Amino acid sequence: RMLLQSVQTEQGPVDLPQVIGAVLTYLNRLIISEQIYLNVTGLKPGDPHSVIYGDGAQLQVAITNLIRNSIAALSQDSVEIKVIDISLRTISDLVEFSIADSGPGFPMDWDAKGAMEDRIFTSTRTTGMGLGLYLVGATVENHRGTISIRRSAELGGAEVILRFPLISQQL
């Protein structure tokens, strides 16, 4: 977290739909090769109701991590129906990004792990460093946002919700 906070970044207006669109373009081949059905709602580049103040590159890395986590969860043999839902919407003075999948979800004892920081530093995979969700959490914190992690009521797998203040609330 200290590393992310001390890095000099380019701060400015960030069109969140544009960032998400770039990530989806980057991951498109992987999504297709894994035969994942992708449902995207609410992405309207240029919409002033989805512009936040921050670092577009840092947000792009965080959103890439979240989508890659969903893809990895869906690539398990036990998952028959592979769905990722991504939505972006404005709620009052916030922009909400949500990603949910039909994978196995977070472990049953996830809520018992205590503080959010303890949970996002836990990996359920045998490969990787277990830093993905932690970096997402640090990025959200750097952008004065909040993160919620839970089981998706609709798809049954994991759901991660990021909320950021609109740019008009930060300037």
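Which residue forms a salt bridge with Arg150? Select Glu159: its closest O atom and the closest N of Arg150 are 3.1 Å apart. A salt bridge here is a side-chain nitrogen of Lys or Arg within 4 Å of a carboxyl oxygen of Asp or Glu. Glu159 is buried, with 12% relative accessible area, while Arg150 is partly exposed at 42%. (Buried means under 20% relative accessible area, exposed over 50%, partly exposed in between, with a 1.4 Å probe and protein chains only.)

Before moving on: this is a predicted model, where local features need pLDDT of at least 70 and side-chain atom pairs count only at pLDDT 80 or more, though totals for chains, interfaces and linings use all residues. Residues are numbered from 1 along each chain as its sequence is written, and side-chain values use heavy atoms, leaving out hydrogens and water.

Next, pick Arg163 and Glu96, whose closest N and O atoms sit 2.8 Å apart in another salt bridge. Arg163 is in strand E7 (residues 158-165) and Glu96 in strand E5 (residues 94-101), 67 residues apart. (Strands, E, at least two residues, and helices, H or I, at least four, are DSSP runs numbered from the N terminus.) Glu96 is buried at 5%; Arg163, at 23%, is partly exposed.

Now jump to Lys82 and Glu34, another salt bridge, 3.9 Å from N to O. Lys82 lies in the loop between H3 and strand E4 (83-91) and Glu34 in the loop between helix H2 (16-33) and strand E2 (37-41), so the pair ties together parts 48 residues apart in sequence.
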